[in-house]
Amino acid sequence: MTEVDLNEYIFHPAPVVSLPVRGLAERFPVHRIFCVGRNYADHAREMGHDPDREPPFFFTKPPEAVVPPGAALPYPSATRDLHHEVELVVALAGGGRNLTTDSALDLVYGYAVGVDLTRRDLQAEAKKLGRPWDSAKAFAGSAPCSEIVPVERIGHPTKGRIALSVGGQLRQDGDLAQMIWKTPEILTELSKLWTLAPGDLIFTGTPAGVGPLQVGAQIACEIESVGRLDATLLGSGGASD
Ligand code: MN
């Protein structure tokens, strides 16, 4: 990496956040993180919504949300109800706006296994009060993510098991084929709202079975044909008690 010229800045800029890539020494530099809400009907139902009448909606996380494989994952502050949501992650190497579903997949570099960690208690409060979700979704360490697997190795997964267990107990067990909005549709919808760019990650929603995590939880995620993500929730994050 090039040295930062401190004649240009008053202090060191934030470091580049990155993820490893299967089979390569070079890493994937993360730009932005977009997340799709309620993209599996059974999860929409468990959260009390009708999956048939809702167009896709999006929220974001900052790059510092990313927790690369093997990095420490502390329990976050200010919550007593941290939930797991296992998700297929789409990683872009291209960009653009107003994409068509025919060309959208050309932007995709690869795929990964991610967890959209959520302070469910703060999210419930935000929903009730009509407030933004940022404090519930966009905290540092809220997006553990596996290595990225290039498209040239696995193609574009559209079906296959997506599962998460905690301490060996199966919590979430779905199939990518259950996604209401498919990857090309998610990209075209996103590109109406943002100009997509290389380095963007898209978390594509979670199947049913979300639930709370305790300090010490051993989280094991698997997406068929994509890979695995294993993480242990540490207790050093300043939990409110
Ligand atoms: Mn989610």
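**View 1. The second largest cavity of the predicted model.** The second largest cavity has a volume of about 70 Å³, where a cavity is a set of points, on a 1 Å grid over the protein atoms alone, at which a 1.4 Å probe fits but cannot get out, and a volume is the space filled by probe spheres set on the points, with grid points joined across faces, edges and corners. Its lining, made up of residues that have an atom within 4 Å of a point, consists of Gly37, Arg38, Pro51, Glu54, Pro55, Pro56, Phe57, Ile180 and Trp181. By class, six of these residues are nonpolar, one is polar and two are charged, with Ala, Val, Leu, Ile, Met, Phe, Trp, Tyr, Cys and Pro counted as nonpolar, Asp, Glu, Lys and Arg as charged, and the others, Gly among them, as polar. The model is predicted, so that local features need pLDDT of at least 70 and side-chain atom pairs count only at pLDDT 80 or more, whereas totals for chains, interfaces and linings use all residues. Residues are numbered from 1 along each chain as its sequence is written, and side-chain values use heavy atoms, with hydrogens and water left out.

**View 2. The largest cavity.** Two cavities of 30 Å³ or more are counted, and the largest of them holds about 120 Å³ of space. It is lined by 17 residues, of which Arg38, His43, Glu85, Gln123 and Lys137 are the closest to its centre. The lining comprises five nonpolar, five polar and seven charged residues. Helix H2 (residues 120–129) gives the most to this lining, with three residues; helices (H or I, at least four residues) and strands (E, at least two) are DSSP runs, numbered from the N terminus.

**View 3. The manganese site.** Glu85 (OE), Glu87 (OE) and Asp116 (OD) coordinate the manganese ion at 2.0 to 2.2 Å, donors being N, O and S atoms within 2.8 Å of the metal (3.2 Å for Na, K and Ca), and since water is not among the atoms, sites may look incomplete. Along the chain, the donors follow the spacing E-x1-E-x28-D. Glutamate 85 is buried, with a relative accessible area of 4%, and glutamate 87 is likewise buried, at 1%, where buried means under 20% relative accessible area, exposed over 50% and partly exposed in between (1.4 Å probe, protein chains only).

**View 4. The surroundings of glutamine 172.** Glutamine 172, found in strand S14 (residues 169–175), is buried, with a relative accessible area of 0%. A polar atom of its side chain lies 3.1 Å from the backbone nitrogen of valine 86. Not counting residues up to four places away in sequence, glutamine 172 touches several residues (heavy atoms within 4.5 Å), among them His84, Glu85, Val86, Ile162 and Thr206.

How values were computed: 1 Å grid on protein atoms, 1.4 Å probe; cavity = no way out; pocket = protein on both sides within 12 Å on 5 of 7 lines; lining within 4 Å. Polar contact = N/O pair within 3.5 Å; in protein donor to acceptor, adjacent residues only side chain to side chain.
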